[in-house]
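Here is a friendly tour for anyone who likes to read a fold through its contacts. Have the viewer open and follow along.

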Amino acid sequence: MAINIQEMANVAKVNLCQNGKSVSESDVDKYIQVLNPIRSLTDDELLSEEQLKLLAATIKSQISVTITRTDKVLTNPDFESWFYKDKINHDMYYWNRYREYLKYDKHFTTNVIDNIDNVLDQLTDYLGNPNLNHPFQRRGLIIGDVQSGKTSNFIGLMCKASDVGYKLIVVLASTTDKLRTQTQLRVDEGFIGNDSENLLKHKYERIGAANYGNGKEDKRPVCVTSTINDFNRTIANSMGLQLNQTKESIVFVIKKNVSVLNNLNKWIKGLNQADSSGKINQSLLVIDDEADYASINTNSEDKDPTKTNAKIQELLSAFTRASYVGFTATPYANVFIDPETTEEMTEAPLFPKDYIYCLDAPSNYIGARNLFGENEIDPSIKTITYDENDENCIYNILPLKHKKDAKIDKLPNTLKQAIREFFIGNVIRDLRGALTSHRSMIINISRFVMVHEETRKAVDAYVSSLKRSIVFYSKKDDDSWKKDSNMIALYDTYMSDFSPSCENKQFANQHGYKLTNWNEIMKNLHDSTFSIIVRVVNQQSKDDMNYEKNKNSGLRVIAIGGISLSRGLTLEGLMVSYFYRSTNTYDTLMQMGRWFGYREGYRDLCKIWMTDDAQECYVSTNRATEELRSLILQYKYSNLTPLDFGIQVRTDNNMLITARNKMRSAKQELIECTLNSKVVETKYLLSNKNDLQNNSDVTYDFIQKLINNYEIHYDKEISTAKGFKNVRYEEILEYLDNLNISIANIEFENEALKKFVKDNSHKLSKWDVALIQGDKEQDDKLAKNIILRRPNRQIDIKPSTELIRVSKKRCRVGGPSDGKFGLTLEQINKIKNIRQGHNVSQTDYFGYFSERNPLLCIYLIKPFTKKDEDITDKRYKYAKNICDYLNNESIPLVAISLGFPNLGKECTTVKYALNKVAQGLKQIGIEDGEYKDENDQ
């Protein structure tokens, strides 16, 4: 039997972490030495030196996982803490056994479990005391990361809620049967401790957490739903339940479905006696998974709330003591609840009026900030390029906008390469000892069911073709494989995508990986890939993709789908993703990112294919999400409430690109936004020579005027920028008025910005102006005592436009430290202390202070371009011509940013004209659209 390094690492981790002690890397080395020679778990086979290194590296990588707590929680200051002083009165039975389950079954490290424990104590406190005599209605929102383990957290919260006395617990689990069943399985293992289907048949067999229940088999929650059945009134009636007659919590895991919710509400009201107020005198906890989806009222103001939203409200209002907790990675819709008026936000039934909490993911989590952060886009991201002359380009095979009956007569070359990457990745994972681990690939290229089936046929044909070539050639010792196109393509894929890491001795030693080469890959191709299957995953498919049934062998699956691959579904061991979709909404985009998560032992094997536009949107979305988290911290330190925060975020200019039915004010002629604590910049620049020359001329004129009228300011301890302080706002507005700025910079609409500055001139009367420098040669002698080093920026051309894009898909003009200009060392250190070791962003330098001046940063860029594999020849030549022209004529490429301080919650808003927003979207190649259901056929 094959040696499973991961299983051995799990056993070692349990042995090392006995009694909750912390473990160092030297402890792991000693453990390996003491047990050497080590035998596998399954037979008497000794581990080789390479396998020993891999085992040690695997253990070290997992015991070193940490969670940095920044205490990002925004609460209503009127709340009175209760749980910490009351905790001693409860035995915390369900939590204690769940803790052991996480440790021994899920192999969480002790420090991670301790962090979860502390966080859940705080969240339980925020729920409200279920044993109080007076009524309450609590509303909260928990913000996590996509695929980061939110389910583990909310199951832990269920355990603690049950321990302290919450009588009824309802989990709203997405909108599909598959996702509800997946959630029910997790709840069965982590909280119920029995198979829910067996429980309904009065069969009691401990699973999961119940194995650590100290023999209290009779102590278990009452579960009314099961892995097979959603809530069913007939089944529920047969149980004869009443809340005041059960000792333990009653649990429901249900879909967000109007009919299901309606039946649940009727059943609860029918079996339980209401008090004189008409309410049930018991406690209710509603946990809303993916709370931004299906729960939010997206109807216009002149209509009743959506039926799902109304039924959730009805459920909560039926109880005297009710607590609603939404869990989501994409909270934009939640903070847009009732965005038309501030007054109505206070009455929004599901608005998180009491608290908003940001969960921090463990250090081994790979998320948007890792892949699309402030630095270069991660090399695992690969571009689906557009080439109008290439018949094998997916744009020509299946346009982004296509009909529900679109035909796919062949696979694009990029998708074929992605499939080959999955084949080779499977081989390498086997060679690294993870033989029984699950491996997945997703293909998300359409929302239509019929197109999913078309795609399956084409993928099946290509997979079969690869397998035939592998069967015939992979075991041969000669070079006959070089005559086969499939084998040549597999070889080329290995050499380009995997050999740089797999044949790198330093990289292999660092991670404990076995060095590989093509010959070894080829010999193992058949055994590692013959079990690969292709499955369709949508609401109509009946394909089996059960990881649990294949836990002993490892499921190796290529999953094709749309919405079902985008919300809540966990794809185990996801290695390769092919994402070809058009969306401009933050929440949709992030939820489609199933590739976020934990990739222990195969991080370097992961490949993510997407379009240039999608990459740029992910960069922008990640930036907005990180600013959202940072804003919570800013509001906490300002002693403001979740309502204040919601009002701020719903008018955040970064949220202009969002679903129209979730931001209903966008239907008006004007969109209100605030620039409070924000930085806006001109990331798209006009490429016309006249515009380039104009912007250069007016900028030099402006700088010369400043030199003549203001003292030059330069403090290298603070910033490398040179500039001017306390410049009159009228001069800033005059400069902005003379610049030619593309309307594709949606948030940089000149007229709106100038009006905002005028309306707030009492707070924005004096500005600082920073001339941002680069770190290369000295280029500009602006005056006798100002020599400026032009910052270098790589540029390219935005696809399907003639716009210059600064920093390529990162679309960033400035850097994090640019916001320092004009601050004191004391202010800078204060921000660093608040951020507690996390990176300080450019906006952080504006969000914590109202006393700083607004800041205009001017970038006199010396541009350059490169011929990358994801840039077509046409775009490269266009960008190169611009660079040659500017550099030969010594004309800078002018870009600017405006940073606004914290003006307080009473600051006025800027109004963007909706037609300008629409034009901007169109100019950068994005069209507004809704996230429609894949059942459209």
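The briefing below goes through cores, aromatic rings, the sheet and some single residues.

This is a predicted model. Its largest nonpolar core has 52 residues, and a second, separate core has 46. The structure also holds 29 aromatic pairs and an open sheet formed by 8 strands.

**Nonpolar cores**

- Within the largest nonpolar core, the residues with the most contacts are Ile419, Ile558 and Tyr578.
- Several helices give two or more residues to this core, namely H16 (394–397), H17 (413–431), H18 (449–473), H19 (485–497) and H22 (518–529).
- Strands E11 (439–444), E13 (556–561) and E14 (574–579) also give two or more residues each.
- Helix H17 gives the most to this core, with 9 residues.
- What does Ile419 touch, once neighbours within four places in sequence are left aside? Ile419 is in contact with Leu411, Met441, Val459, Tyr462, Val463, Leu466 and Ile558.

**Thr414 in helix H17**

- Helix H17 is also the place of Thr414.
- Is Thr414 buried or exposed? Its relative accessible area is 17%, which is under the 20% cut-off, so Thr414 is buried.
- Not counting residues up to four places away in sequence, Thr414 touches Ile384, Tyr578 and Trp609.

**Aromatic rings and charges**

- For Tyr491 and Trp518, the ring centres are 5.4 Å apart and the planes stand at 80 degrees. The angle is over 60 degrees, so the pair is edge-to-face.
- Tyr491 belongs to helix H19 and Trp518 to helix H22, so this pair ties together parts that lie 27 residues apart in sequence.
- Tyr491 counts as partly exposed, at 27% relative accessibility, whereas Trp518 counts as buried, at 7%.
- Phe372, Phe579, Phe596 and Tyr618 are linked into a cluster by ring pairs.
- Arg429 has its charged end over the ring of Tyr602, 3.9 Å from the ring centre.
- Arg432 lies over the face of Tyr513, with 3.6 Å to the ring centre.

**The open sheet and its helices**

- The strand order in the sheet is E1-E8-E2-E7-E6-E3-E5-E4, with mixed pairing.
- Which strands are at the edges? They are E1 (73–75) and E4 (222–223), and each pairs on one side only.
- Strands E6 (residues 280–289) and E7 (residues 319–328) pair in the parallel sense, over 8 bridges.
- Asp288 has Gly326, in strand E7, as its bridge partner.
- Helix H8 (residues 177–192) lies across E3 (168–173), E4, E5 (250–254) and E6. Helix H8 runs at about 155 degrees to strand E5.
- Helix H11 (residues 258–271) lies across strands E3, E5, E6 and E7, at about 160 degrees to E5.

- Arg233 is found in helix H10 (residues 233–239).
- With a relative accessible area of 35%, Arg233 is partly exposed.
- Arg233 and Asn263 are 30 residues apart along the chain, and their C-alpha atoms are separated by 6.7 Å.
- Leaving out residues up to four places away in sequence, Arg233 touches Asn263, Lys266 and Trp267.

- Ser677 is not a glycine, yet has a positive phi of about 65 degrees.
- Where is Ser677? Its place is in the loop between strand E17 (670–673) and strand E18 (679–681).
- Ser677 counts as buried, at 4% relative accessibility.
- Asn726 is not a glycine either, and has a positive phi of about 60 degrees.
- Asn726 lies within strand E20 (residues 722–728) and counts as partly exposed, at 41% relative accessibility.

Definitions and conventions:
Residues are numbered from 1 along each chain as its sequence is written. This is a predicted model: local features need pLDDT of at least 70, side-chain atom pairs count only at pLDDT 80 or more; totals for chains, interfaces and linings use all residues. Side-chain values use heavy atoms; hydrogens and water are left out. A nonpolar core is a set of buried Ala, Val, Leu, Ile, Met, Phe, Trp, Tyr and Cys residues joined through side-chain atoms within 4.5 Å. Buried means under 20% relative accessible area, exposed over 50%, partly exposed in between (1.4 Å probe, protein chains only). Helices (H or I, at least four residues) and strands (E, at least two) are DSSP runs, numbered from the N terminus. Contact means heavy atoms within 4.5 Å. Rings of Phe, Tyr and Trp (its six-membered ring) pair if their centres lie within 6.5 Å; planes under 30 degrees apart count as stacked, over 60 as edge-to-face and the rest as tilted. A charge sits over a ring if NZ of Lys or CZ of Arg is within 6 Å of the ring centre and within 35 degrees of the ring normal. Two strands pair if DSSP finds at least two bridges between them. Axes are lines fitted to C-alpha atoms, for helices over the stretch in contact, and angles run from 0 to 180 degrees between N-to-C directions.
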